[in-house]
Amino acid sequence: MNHTVEQNENKQVLVVDDDTTIRVAEAADGEAALTMLADILPDVILLDVMLPGIDGFTVCRQIRNHPDGKYVAVLMMTGLDDVVSIKQAYSVGATDFITKPINWRILGYRVNYMHRANQAFQELSKNRAQLLSAQKIAHLGSWDWDRVNDKFRWSSELYHIFALDPATCTGTYDTFIGIIHPLEKERVKMTIEEAVGSQQPFRLDYKIVLADGTERFVSTEGQPVSDRQGRFVRVTGTVQDITERKQAEVQIRSLALYDNLTGLPNRILFYDRLEQAVRQAVRQHSMVAVMFIDLDQFKDINDSMGHNAGDMLLREVGQRLLSVTRSTDTVARLGGDEFTLCLQNVPSLDVICTLAQKLMDTFSEPFTLESKIIFVTASIGVAVYPNDAGNADDLLKQADTAMYFAKEQGKNNYKLFSPEMQIETDTRLTLQSEIRLALERNEFCLHYQPQFDTLTGKLKGMEALIRWKHPDKGVVFPNTFIPVAEATGLIVPLGKWILSEACRQNVAWQAMGYEPIKIAVNISAVQFKRSNIVDTIRRVFECTGMAPHLLQIEITESSLMQLAKPIVVPRTKGQPGSPEAPSPQATEEDDSIINTLDTLQKMGVSIALDDFGTGYSLLSHLCYSFIDVIKIDRRFVWAINAWEGSEIISTIIETSKKLSLQVTAEGVETEYQKTYLLKEGCHEVQGYLIGKPSPAEDCVKYFTQEQEQFVKE
Ligand code: C2E
Ligand code: CA
Ligand code: CA
């Protein structure tokens with residue numbers, strides 16, 4: 001028995017034959033051939049039908065069943081005219097046959113040809129397999145619609161995309177359409193029919209619903225195919241599962257248009273909706289209202305309770321706003337603690353006011369953040385199309401302006417936009433840039449008003465009061481520009497200048513040989529909030545050389561209240577309004593203002609509570625312990641007239657003394673007032689009667705001239 005594998009130009013040919021004359025490289029029988037196949041994989045096998053042992057047909061069948069034998073070219077040798085054997089050879093998987101006796105020259109060509117054809121076939125199979133796997137990776141299925149025979153053929157990946165089992169379901173056009181989402185079915189069907197009718201390619205994205213109810217997104221493309229005669233015979237196409245891409249798109253869209261924290265529309269989407277609403281209102285002659293909602297204490301809460309609590313609050317606010325609005329209204333978060341509302345088809349201004357009030361009411365309920373109960377209020381500005389503005393841009397701006405006025409007027413209220421607000425805003429804007437310029441050009445100066453000791457009749461101190469020597473308007477008084485400077489933060493650089501100028505002047509008076517006096521400087525809440533006031537004051541002492549105990553800072557009662565917010569009530573202590581409602585407690589924010597006042601006091605600076613009696617008088621006792629002087633507001637001093645005194649003044653002085661506080665009365669204009677205050681035991685007096693605020697050089701006289709006037713008879 002011989003079996004030979006001939007290695008020839010990279011080709012391996014295994015010959016299996018018992019006729020020794022034609023063996024080229026051989027195995028003498030089927031068994032031997034199959035054993036050999038385990039080690040060597042030839043490219044071509046010449047296989048005789050008649051073999052000892054198992055016959056050639058069986059060997060061929062087994063070669064085909066062998067995992068590597070699928071693509072081997074098998075050339076079966078049959079007897080001449082043996083048609084039955086030829087037929088059987090093909091049926092067991094032979095590639096071709098050749099009749100015996102063998103023509104050797106021809107055999108060479110046949111083997112070569114067969115080898116080439118087989119290689120092409122293998123290549124094709126490999127490509128197909130690669131294509132299938134690529135389609136699988138790309139979730140790309142394909143289909144073919146034979147229009148002549150109305151047959152639909154699907155690739156295996158298409159079954160996979162549609163989650164259908166090819167064993168139990170045949171891919172038909174109806175199945176293809178049946179799986180489309182009910183809301184999209186008509187659109188898809190129409191597009192396909194139109195494309196097929198006009199023999200145009202088409203592309204469509206739509207939703208499908210799988211048997212288990214899952215929804216997926218697919219993209220389908222189709223291309224009509226014509227035969228050689230130009231007749232339209234088929235449509236071929238692909239279906240790609242684009243669910244992941246769609247989901248990513250939705251996510252990107254939502255990131256771009258919705259606020260991450262609250263899930264509400266963001267500025268971009270709000271603006272878009274507002275524009276749409278205005279366009280519709282123009283067509284329908286209806287009204288659109290924009291509400292601009294700004295929380296009053298958000299920064300305080302964020303600073304004192306941390307960002308987590310701040311975030312929780314914003315989310316809760318968003319929910320509350322949604323709860324009082326209709327589904328057709330848009331509630332958005334513009335950023336920070338700014339929310340906006342767009343109301344379409346508003347029947348009347350009354351309805352808007354009612355809703356604004358409803359919004360205010362939702363804030364009257366306390367918020368629970370990290371097991372603390374917080375009271376938060378909001379200021380709301382409202383602008384209406386067509387009354388206040390004709391486009392989205394202006395509406396939003398006017399609502400913002402109105403909100404600003406709501407804040408100005410004590411917060412926790414709502415304001416409808418009015419044209420006067422716009423004028424005032426414009427004036428304020430002009431003023432703002434003028435103040436900036438004035439600072440650069442040194443147009444500010446300080447006037448001083450004397451404060452006298454009622455007991456000794458001596459000059460005790462001077463209050464520095466700012467004036468603006470405006471190049472066109474003459475002297476401008478602080479009430480017109482200080483609020484703007486505060487609102488814009490310009491009070492910080494201005495305040496620094498005031499402090500150093502006042503201290504410098506005080507040192508200058510001393511240098512002129514006068515008795516040291518204290519200098520009182522007004523400090524606004526903004527300076528505490530937006531700058532490090534302790535640092536500023538320390539630096540002023542360094543630069544001017546003034547002794548710290550000669551500085552008195554005046555801070556108004558309302559400023560202090562503002563700095564002491566928010567009001568936080570421990571949760572267990574009952575709700576405000578209820579009989580057991582607790583009084584507001586000191587918060588961390590209180591701590592920071594208290595710490596500042598404490599540091600200043602330790603440095604030797606004294607602290608005066610200005611305009612006393614005009615604020616809420618809600619200050620906690622903690623705050624009072626960091627105050628040295630109470631300045632009774634001039635409105636109470638006015639109440640003292642020629643016929644009677646003032647109950648309030650008497651009470652204030654009495655209580656202050658109990659708390660060991662000094663009392664200064666400001667705005668003293670008449671002898672009667674002065675005498676009354678003296679009698680009540682007020683420590684210091686200040687007012688036009690004693691001395692008007694005037695430039696430093698005019699104040700020199702107070703150091704000497706006026707000393708005698710208070711000495712008691
Ligand atoms: P204020 O701190 O209550 O200052 C007292 C105001 O009353 C001053 O007005 C003063 O000129 C005025 N005044 C003094 N005596 C009398 C009197 O007998 N009768 C009447 N009717 N008025 C009297 P002024 O200078 O116009 O200041 C107004 C407010 O502007 C001040 O009120 C203070 O709140 C603020 N201000 C003034 N200067 C400064 C400053 O340098 N910094 C800051 N932050 N605010 C300042
Ligand atoms: Ca003052
Ligand atoms: Ca005052």
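Counting aromatic pairs, that is, rings of Phe, Tyr and Trp (its six-membered ring) whose centres lie within 6.5 Å, gives 20 of them in this predicted model. The planes tell us the kind of pair, since under 30 degrees apart counts as stacked, over 60 as edge-to-face and the rest as tilted. Take Phe452 and Tyr702, whose ring centres are 6.4 Å apart and whose planes stand at 80°, so this pair is edge-to-face. Phe452 belongs to strand β19 (residues 444-453), while Tyr702 lies in the segment after α25 (696-699), so the pair ties together parts that are 250 residues apart in sequence. Helices here are DSSP runs of H or I with at least four residues, strands are runs of E with at least two, and both are numbered from the N terminus. Both Phe452 and Tyr702 are buried, where buried means under 20% relative accessible area, exposed over 50%, and partly exposed in between, with a 1.4 Å probe and protein chains only.

What kind of pair do Tyr514 and Phe703 make? Their centres are 4.6 Å apart with planes at 20°, so they are stacked. Tyr514 is partly exposed at 23% relative accessible area, whereas Phe703, at 8%, counts as buried.

A word on how the model was read: residues are numbered from 1 along each chain as its sequence is written, and chains are lettered from A and ligands numbered from 1 in the order in which they are written. Local features need pLDDT of at least 70, side-chain atom pairs count only at pLDDT 80 or more, and totals for chains, interfaces and linings use all residues, while side-chain values use heavy atoms, with hydrogens and water left out.

Now to the ligand. Around ligand 1 there are 23 residues, of which Gln449, Arg467, Arg634, Glu669 and Tyr688 come nearest, a residue being near if one of its heavy atoms lies within 4 Å. The largest share of this shell, 4 residues, comes from β20. An N or O atom in the side chain of Arg467 is 2.8 Å from an oxygen atom of ligand 1, and a backbone N or O atom of Ile466 is 3.1 Å from a nitrogen atom of ligand 1.

Notes:
A polar contact is a pair of N or O atoms within 3.5 Å; within protein, one must be able to donate a hydrogen and the other to accept it, and residues adjacent in sequence count only if both atoms are side-chain atoms.
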